[in-house]
Amino acid sequence: MTGLRVLIAPDCFGDSLTAVGAARAIESGWRQARPDDTLVAVPQSDGGPGFVDVLASRHLHMQVRRISVAGPLAAEVDAAWVFDEVTRTAYIECAQACGLALLGGPPTPSTAVAAHSAGVGQLIDAALDAGARTVVVGLGGSGSTDGGRGMVQALGGIDAACRRLAGVDVIAATDVEHPLLGPAGAARVFGPQKGADPVTVELLEARLTDWAAHLEGACGRAVTGLPGAGAAGGLGAALLALGGHRESGAALIAGHTGTAAELAAADLVVTGEGRLDDQSLHGKVVGALAAAARSHDVSVLVLAGQVALGRQALRAAGITAAYSLSEYAGSVERAIGDAAEQLAGLARQTATGLARE
């Protein structure tokens with residue numbers, strides 16, 4: 001198997017490696033084993049961490065701007081957002097302001113309760129001040145479950161936020177379709193990932209229920225059951241209530257990066273993420289790429305931090321094979337602590353296996 005055109009299109013690997021960094025590592029390792037292949041690196045995102053980074057890496061006309069905003073807890077953080085002056089479109093990543101990685105340590109029940117989204121509101125405010133007529137908010141990787149209350153308050157409250165966003169196209173770019181409340185909602189599904197124990201989950205659910213009633217009453221729009229309302233700890237619900245609409249983050253980035261055209265020309269797709277599991281197949285980068293590749297009869301290989309899907313599930317999703325970075329590295333700790341080198345090594349090993357076929 002020689003002279004392949006390989007599309008390298010990974011998502012980020014959690015907090016250990018950005019999508020841009022992952023693409024570079026895979027490209028480096030792959031080239032060592034198969035120097036005659038044509039490698040096309042197109043980093044991806046589903047709206048979570050790396051959303052802004054991916055956009056900035058692909059579009060020279062997009063300006064990266066930085067401001068200091070409220071982090072998810074007490075301290076302020078330096079947050080980046082991207083502005084396209086041609087289309088007057090701002091791209092904001094909620095993880096830049098209220099991401100899990102900004103908690104300063106492992107999430108706990110206390111941080112699950114205290115974390116807020118005020119910094120996201122400050123980013124939106126900065127975008128509006130810059131003249132944005134479209135605001136795209138990437139939702140994912142949030143450490144908060146406040147239903148967007150902090151964001152709304154940072155915009156001056158519900159009435160002020162509605163006035164501020166009047167005439168602005170607001171897009172919630174998300175990889176999940178979860179509603180705000182209930183068994184499939186923000187608190188019960190994602191709360192434990194943010195440090196919430198069972199008691200805290202119920203506290204968060206009750207708090208979201210009260211806030212949702214207030215939000216919907218003031219805005220006159222029922223949003224709690226809408227797909228994506230539960231994204232980023234309920235930020236989706238607030239954006240939808242304020243007049244926004246939801247789009248797939250993975251599809252949005254794929255459109256901006258020309259992924260469809262690159263995929264049609266590829267012989268092989270190599271993608272990846274921090275953990276390959278059932279959620280990967282529902283709106284996330286890997287699942288979206290595998291579905292698109294199937295229509296072109298292109299094989300898909302996944303290099304993931306951890307692989308929690310069996311062969312049958314992989315085959316059903318259109319994934320040819322998946323390889324675990326933690327298994328290659330020998331431990332999860334090494335896979336995280338030395339992510340770039342280990343991923344390059346795994347890519348080299350995977351490419352070497354193809355060279356022998």
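Two strands pair if DSSP finds at least two bridges between them. Helices (H or I, at least four residues) and strands (E, at least two) are themselves DSSP runs, numbered from the N terminus. Keep both ideas at hand as we walk through this structure.

The model is a predicted one, where local features need pLDDT of at least 70, side-chain atom pairs count only at pLDDT 80 or more, and totals for chains, interfaces and linings use all residues. Residues are numbered from 1 along each chain as its sequence is written, and side-chain values use heavy atoms, with hydrogens and water left out.

Let's start with an open sheet of six strands, in the order 3-4-5-6-7-8 and with mixed pairing. Strand 3 and strand 8 are its edge strands, since each pairs on one side only. From one strand to the next, the twist averages 25°. Angles here run from 0 to 180 degrees between N-to-C directions, and axes are lines fitted to C-alpha atoms, for helices over the stretch in contact.

Strand 3 (residues 62-70) and strand 4 (residues 76-84) are antiparallel and share nine bridges. They make a hairpin, with five residues between them. Strand 4 is also joined to strand 5 (residues 89-93) by three bridges, again in an antiparallel arrangement.

Which helices meet this sheet? Helix 5 (residues 118-129) lies across strand 3, strand 4, strand 5 and strand 6 (134-139), at about 135° to strand 3. Helix 11 (residues 249-256) packs on the sheet too, touching strand 3, strand 5, strand 6, strand 7 (169-174) and strand 8, and its direction makes about 65° with that of strand 8.

Helix 1 (residues 19-33) has 15 residues and reaches 22 Å from its first C-alpha to its last, close to the 21 Å expected at 1.5 Å a residue; the expected span is 1.5 Å times one less than the number of residues. Among the buried residues of helix 1 are Ala19, Val20, Ile26 and Trp30.

| Residue | Bridge partner | Strand named |
|---|---|---|
| Val69 | Val77 | strand 4 |
| Asp84 | Thr89 | strand 5 |
| Val6 | Leu268 | strand 9 |

## The nonpolar cores

A nonpolar core is a set of buried Ala, Val, Leu, Ile, Met, Phe, Trp, Tyr and Cys residues joined through side-chain atoms within 4.5 Å. The largest one has 54 residues, and those with the most contacts inside it are Trp81, Val120, Ile124, Leu139 and Met151. A second, separate core of 26 residues includes Val6, Leu17, Leu301 and Leu325.

## Single residues worth a look

Is Asp46 buried or exposed? Asp46 counts as buried because its relative accessibility is 5%; buried means under 20% relative accessible area, exposed over 50%, and partly exposed in between (1.4 Å probe, protein chains only). Asp46 sits in the loop between strand 2 (38-41) and helix 2 (51-58). Not counting residues up to four places away in sequence, Asp46 touches residues including Asp11, Thr174, Gly249 and Lys284, where contact means heavy atoms within 4.5 Å. Its side chain also reaches the backbone nitrogen of Gly48 at 3.1 Å.

Ser248 belongs to strand 8 (residues 245-248). Ser248 counts as partly exposed because its relative accessibility is 27%. The side chain of Ser248 reaches the backbone nitrogen of Ala250 at 3.4 Å. Such a polar contact is a pair of N or O atoms within 3.5 Å; within protein, one must be able to donate a hydrogen and the other to accept it, and residues adjacent in sequence count only if both atoms are side-chain atoms.

Most residues other than glycine have a negative phi. Arg88, in the loop between strand 4 and strand 5, has a positive phi of about 55°. Asp297 has a positive phi near 55° and lies in the loop between helix 13 (285-295) and strand 10 (299-307). Arg88 is partly exposed at 30% relative accessibility, whereas Asp297 is exposed, with a relative accessible area of 74%.
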